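Could you walk me through this protein model?

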Amino acid sequence: MPPLPGLLLLSSSSTSILPNCLRSPIGSVFFRTINTFNQKEIMEVEVKLRLRDQRAHQSVSDLLAPFHLKTHIQENVFFDGSNQELSSNFAVLRLRFYDGDSNCVASLKARSSIIDGVSRVEEDEEPLDPAIARACVAEPWRLAAVENSRILKRLKDEFEWSGEKGFVCLGGFRNVRAVYDWEGLKLELDETQYDFGTNYEIECESAEPDTVKKLLEDLLTKHGISYQYSMVSKFVIFRSGILPE
């Protein structure tokens with residue numbers, strides 16, 4: 001398996017939870033520092049807490065019900081270059097479909113780390129016509145023909161990818177995301193459905209992750225809801241084929 005984007009840095013205390021396929025031959029996690037994005041990027045910082053099971057997920061859903069805004073059905077599909085131009089640089093291209101084909105967003109993610117439930121990743125996003133995106137999923141070579149795409153231009157400029165080399169579709173997974181406005185925070189409650197099982201998380205993007213993490217931990221602890229810090233990204237779980245323990 002090629003290096004996995006989304007897993008660059010973990011605290012040493014977290015490595016014991018990783019399946020063997022996510023470790024190096026000497027037992028440590030993959031680590032590499034790269035200068036992937038040449039231009040200034042948006043650093044997405046999120047608190048991610050993994051809920052123990054469906055019961056814990058339902059408890060959070062019931063607790064936050066008065067603050068519910070909307071629920072999205074997301075379909076996430078991932079791509080690499082045919083010569084692993086992205087994965088070899090710990091990056092990934094994702095197409096995310098919302099609520100069937102009502103909307104689609106293309107994302108280029110790189111330089112990802114997750115430590116004690118706080119995720120940081122450089123992310124570049126742009127909208128993509130859902131009909132064009134579906135055609136690219138069916139025939140990945142069509143990505144090279146998408147016009148006026150900032151992200152595809154960056155792939156050529158920064159990852160030494162050319163349209164002639166093509167793309168490989170890696171597959172993906174489905175996510176049901178409920179969004180809440182709680183205490184002035186945008187909370188996202190996820191039920192992520194893989195072929196090998198379902199994972200549950202609560203997330204919150206914030207420039208003050210330590211403060212938000214404490215608020216969420218206090219909320220869950222007060223109501224007896226079991227959780228732990230998320231240690232790997234959804235994409236890494238997908239590629240490993242194993243749910244975290």
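From the N terminus on, the elements of the protein chain follow the order β-α-β-β-β-β-α-α-β-β-β-α-β-α. That makes five helices and nine strands, where helices (H or I, at least four residues) and strands (E, at least two) are DSSP runs, numbered from the N terminus. The model is predicted, so local features need pLDDT of at least 70 and side-chain atom pairs count only at pLDDT 80 or more, while totals for chains, interfaces and linings use all residues. Residues are numbered from 1 along each chain as its sequence is written, and side-chain values use heavy atoms, with hydrogens and water left out.

**Buried residues**

- Of the 245 residues in the protein chain, 52% count as buried; buried means under 20% relative accessible area, exposed over 50%, and partly exposed in between (1.4 Å probe, protein chains only).

**Aromatic rings**

- Seven aromatic pairs turn up in this model; rings of Phe, Tyr and Trp (its six-membered ring) pair if their centres lie within 6.5 Å, and planes under 30 degrees apart count as stacked, over 60 as edge-to-face and the rest as tilted.
- Phe78 and Phe235 make a tilted pair, 4.6 Å centre to centre with 50° between the planes.
- This pair links distant parts of the chain, as Phe78 sits in strand 2 (residues 68-81) and Phe235 in helix 5 (residues 234-240), 157 residues apart.
- Phe78 is buried with a relative accessible area of 4%, and Phe235 is buried with 7%.
- Phe173 and Phe238 form another tilted pair, at 5.9 Å centre to centre and 55° between the planes.
- Because Phe173 lies in strand 6 (residues 167-182) and Phe238 in helix 5, this pair ties together parts that are 65 residues apart in sequence.
- Phe173 and Phe238 are both buried.
- Ring pairs join Phe78, Phe173, Tyr194, Phe196, Phe235 and Phe238 into a cluster.

**Charges over rings**

- Arg134 lies over the face of Phe97, 3.8 Å from the ring centre; a charge sits over a ring if NZ of Lys or CZ of Arg is within 6 Å of the ring centre and within 35 degrees of the ring normal.
- Lys213 lies over the face of Tyr229, at 4.3 Å from the ring centre.

**Pocket and cavities**

- On a 1 Å grid over the protein atoms alone, a cavity is a set of points where a 1.4 Å probe fits but cannot get out, and a pocket is an open set with protein on both sides within 12 Å along at least five of seven lines; lining residues have an atom within 4 Å of a point.
- The largest pocket holds about 770 Å³ of space, a volume being the space filled by probe spheres set on the grid points, which are joined across faces, edges and corners.
- Of the 36 residues lining the largest pocket, Glu44, Arg94, Arg96, Lys109 and Glu123 are the closest to its centre.
- Searching the whole structure gives three cavities of 30 Å³ or more, and the largest cavity has a volume of about 60 Å³.
- Strand 3 (91-98) and helix 3 (150-158) are the elements that give two or more residues to the lining of the largest cavity.

**Cysteines**

- The structure holds zero disulfides, a disulfide being a pair of cysteine sulfur atoms within 2.5 Å.
- The sulfur of Cys104 is 8.8 Å from the closest cysteine sulfur, in Cys136, which is too far for a bond.
- Cys104 is buried, with a relative accessible area of 0%, and Cys204 is buried with 0%.
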